Amino acid sequence: MPEAWKTIVEPFRIKTVEPLGFTTEAQREQILRDADYNVFAIPADKVFIDLLTDSGTGAMSAEQWAAIMRGDESYAGARSFFVFEKAVRDLTGYRHVLPVHQGRAAERILMGVTCGRGKTVLSNSHFDTTRANVEAAGAAALDLPVPEALRFDVPAPFKGDMDVRALEAKIGELGAANIPMIIMTLTNNSLGGQPVSMRNLREVARVAREHGIPVILDVARFAENAFFIKLREPGYATRPVREIAREIFSHASGCMMSSKKDALVNIGGFLALNDEEWVGRCREMLILTEGFPTYGGLAGRDLEALARGLEEVLDENYLTYRLRSVAYLGDGLRRAGVPIVEPPGGHAIYVDAKRFLPHIPPEKLPGVALVCELYRRAGIRAVEIGSLMFGRVEDGVFKPASMELVRLAIPRRVYTQSHIDWVVEVFADIAKRAVSLRGMRVVQRPRRLAHFTAKLAPEPS
Ligand code: F0G
């Protein structure tokens with residue numbers, strides 16, 4: 001019904017509301033200073049529109065809240081675990097399901113069991129916590145995206161794909177025995193929330209099979225990826241999205257999920273695997289660091305809400321609204337003359353700060369400059385994905401990242417079209433005086449995942 005009309009209609013009505021945090025520009029300037037110009041340090045009630053992340057920030061449905069009340073909080077063998085296990089098995093087809101408190105716990109457990117010195121994990125693109133967990137386990141993390149993934153201004157339907165030729169070459173160079181797994185991240189969060197095609201998954205799976213390397217999916221945003229396949233890949237237009245999702249899972253032997261995204265819950269995750277040996281060792285680690293295998297790091301009620309979320313996210317009215325409302329922000333920004341990663345991603349719009357602020361060089365963090373301006377001017381919170389997140393200091397020399405992006409992530413079922421219209425208006429205003437924005441510098445950089453806690457300061461004008 002909604003797709004026949006131009007106006008995007010949110011496929012829900014609102015039952016519970018929360019006021020937004022109003023502040024003045026002078027107050028926000030002081031708040032920024034107090035936060036050392038790191039928006040992660042700003043109290044959320046001082047944020048007006050929070051586009052920091054789509055992770056754990058979605059609104060649950062009435063049915064999910066009802067499921068919360070059904071939570072069985074038994075330590076072992078809780079009814080809620082079996083509801084959750086069935087939902088994950090029915091969706092993925094994988095035999096063993098381990099609940100964890102969020103995605104990075106699944107990463108830590110799996111990498112702890114499979115990685116080590118001399119090993120390399122290959123991926124279309126590791127998310128930052130995935131990379132950090134691979135590296136913390138002593139291995140190297142190597143990204144092999146298709147070349148068009150880095151040409152931000154050129155649209156293509158499946159820029160999340162892996163470069164299969166590069167994959168074959170790397171396997172030849174490193175030796176299959178040194179590659180514990182290939183991780184396919186759906187959608188590819190680090191490079192624009194772009195989807196992976198079924199064709200690419202099939203090819204990666206074929207190469208992996210030839211060399212006896214397991215393929216593990218990072219399925220934080222599997223439903224958005226599946227719907228992109230339905231919309232863009234020949235042969236899928238009339239297939240139900242749940243079937244497409246099932247086919248995605250069939251090309252791998254396991255998955256990790258941060259359920260804070262496409263399971264429409266505020267906390268949760270899981271690891272689902274077929275391999276008996278891996279799962280045995282993962283279960284031991286799970287008990288050691290998360291909890292007994294029938295609750296992982298979660299409460300019974302969390303497992304209930306998660307199971308229900310995995311159903312709701314595959315509703316095609318929801319997915320139509322989801323992808324079209326993100327694209328709507330992209331259309332607005334493009335019209336305001338703001339360069340974005342093309343085409344719009346599934347969960348976020350990524351502004352290309354390198355092109356938007358060409359007068360600020362990468363070492364002066366143009367992405368951070370824009371993030372600070374968005375907060376200062378209008379209380380909008382976004383996140384830099386650039387040289388603060390991925391830049392490195394090697395032998396005292398700063399090595400910038402290959403991109404300087406600002407991600408505007410859209411929480412699921414939270415903001416309405418007028419919120420987004422307003423974000424576009426703010427950008428149009430910033431675009432008019434973009435040349436006056438100043439660069440930033442890092443005052444204190446922690447060793448890992450620097451963007452969360454780094455202290456920053458504006459460059460003198
Ligand atoms: N994988 C992907 C693709 C992710 O985007 C994230 C988290 C994780 C794994 C880790 O999951 O947060 O539950 O531990 N992404 C969030 C974001 C933080 O803002 O994009 P987690």
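Okay, let's start in a loop: Tyr 37 sits between helix 1, residues 25-34, and strand 1, residues 49-50. Its phi is near 60 degrees, a positive value in a residue that isn't glycine. Most residues other than glycine have a negative phi. Keep in mind as we go that this is a predicted model.

One joins Leu 186 and Thr 187, with omega about -20 degrees. Thr 187 belongs to the loop between strand 5 and helix 7, which spans 198-211. The other joins Glu 342 and Pro 343, and there omega is about -10 degrees. You'll find Pro 343 in the loop between helix 12 and strand 9. For background, most peptide bonds are trans.

Zoom in on strand 3, residues 120-123, and strand 5, residues 182-185: they pair in the parallel sense, over two bridges. Within that pairing, Ser 123 stands opposite Ile 183 of strand 5.

Next, the ligand. How many residues surround it? There are 16, and the closest are Thr 53, Arg 104, Asp 218, Ser 258 and Lys 261. By class, that shell has one nonpolar residue, eight polar and seven charged. Helix 4, residues 103-114, gives the largest share of the shell, with three residues.

A backbone N or O atom of Gly 103 lies 2.9 Å from one. For Arg 104, a side-chain N or O atom is 2.6 Å from a ligand oxygen. And Asn 189 has a polar side-chain atom 2.8 Å from a ligand oxygen. As for burial, the ligand taken alone exposes 470 Å², and the protein buries 94% of that.

Okay, on to another open sheet, with three strands in the order 9-14-11 and antiparallel pairing. The edges are strand 9, residues 348-352, and strand 11, residues 383-385; each has a single partner strand, so one side of each is left without a neighbour in the sheet. The twist from one strand to the next averages 35 degrees.

Strand 11 and strand 14, residues 405-409, run antiparallel and are joined by three bridges.

Two helices to finish. Helix 12, residues 316-335, packs on this sheet and touches strand 9 and strand 14, with its direction at about 25 degrees to that of strand 9. Helix 14, residues 366-378, lies across strands 9, 11 and 14, and runs at about 40 degrees to strand 14. That's me done, thanks.

Methods:
Residues numbered from 1 in each chain as written. Predicted model: local features only at pLDDT ≥ 70, side-chain atom pairs only at ≥ 80, totals over all residues. Heavy atoms only, no water. Pairing = 2+ DSSP bridges. Helix = DSSP H or I, 4+ residues; strand = E, 2+ residues; numbered from the N terminus. Near = heavy atom within 4 Å. Polar contact = N/O pair within 3.5 Å; in protein donor to acceptor, adjacent residues only side chain to side chain. Areas by Shrake-Rupley, 256 points an atom, 1.4 Å probe, with all protein chains shown as cover. Nonpolar A, V, L, I, M, F, W, Y, C, P; charged D, E, K, R; others polar. Axes fitted to C-alpha atoms, helices over the stretch in contact; angles between N-to-C directions. Contact = heavy atoms within 4.5 Å.
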